[in-house]
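Dear colleague,

Please find the structure below, followed by a summary of what was found in it.

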Amino acid sequence: MSADPLHDPPLRIAEIFGPTIQGEGALIGVPTVFVRTGGCDYRCVWCDSMHAVDSAYRHDWAPMTPGAVFAEIERLAPHPLMVTLSGGNPAIQDLGPLIALGQARGYRFGLETQGSVARDWFAALDLLTLSPKPPSSGMETDWAVLAECIAAAKSARVVLKIVVFDEADYLYAQDVARRHPAVPMFLQPGNHTPPPPEPSASDETAVVDHDGLNERMLWLIDRALGDHWYAATILPQLHVTLWGNKRGV
């Protein structure tokens, strides 16, 4: 643990909210507090959290020390639970002191990142979710760095999660699975109607095309089963099903 977490260099924080449930991946349905960091090294064309990616879309990122972040987590959830670290890309900041501080109080930590930056503190996580971005994102995967991320986690639990919009994304997910057959794979249909960078009470839920998401989910299930790809777990984005594009849930 950091010697002085109250005075460590501040983190860029876009939002902290919860308790709610994790809506996707290996922790779907698990109660959690979200810590969404500000900043990202990617610019995915279908990003659903641009307010945490680029400060041009959001000017109220808060500089908070790890101690201040944990104080807010503890205020929201006085009893220990899972803390989900997301972004943006949370791996571009040093979250090691925050993780150590929280775990000393009984909290668990999961982090989701695209696997573009490997960090030694990945080994302290309770769950590392690596979500490399498929062709539809407009980004390219550095396979060597993704492998470094898996290695950095050491004995921590690691899973892969791929967002799938189309056939090219599906084939990409299979490629990732072939490269890392020992790492559990989660697939989810992509949300083609993501929220706008700025929240709007009038349209942030209405823009979700639930029928389109369901069709993509059914296609993805049929595609994987048709290939006898039984090792993959296929899940929806539960939070989108329940709350649409509403933030803070």
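What share of the contacts in the protein with a separation of 6 or more comes from residues 24 or more positions apart? Such residues account for 73% of these contacts, where contact means heavy atoms within 4.5 Å.

This is a predicted model, in which local features need a pLDDT of at least 70 and side-chain atom pairs count only at pLDDT 80 or more, while totals for chains, interfaces and linings use all residues. Residues are numbered from 1 along each chain as its sequence is written, and side-chain values use heavy atoms, with hydrogens and water left out.

The average pLDDT (the predictor's confidence in each residue, from 0 to 100) is 88 for the protein, and 84% of the residues score at least 70. Residues 201-205 fall below 50, and this stretch has eight contacts in the model beyond near neighbours in sequence.

Of the 249 residues, 54% count as buried, that is, under 20% relative accessible area with a 1.4 Å probe, protein chains only.

With regard to the cysteines, a search of the whole structure finds zero disulfides, a disulfide being a pair of cysteine sulfur atoms within 2.5 Å. Cys44 is in no disulfide, and the nearest cysteine sulfur, that of Cys47, lies 6.3 Å away. Cys44 is buried, at a relative accessible area of 12%. Cys47 is likewise in no disulfide, its nearest cysteine sulfur being that of Cys44. Cys47 also counts as buried, at 15% relative accessibility.

Yours sincerely

Notes: Buried means under 20% relative accessible area, exposed over 50%, partly exposed in between (1.4 Å probe, protein chains only).
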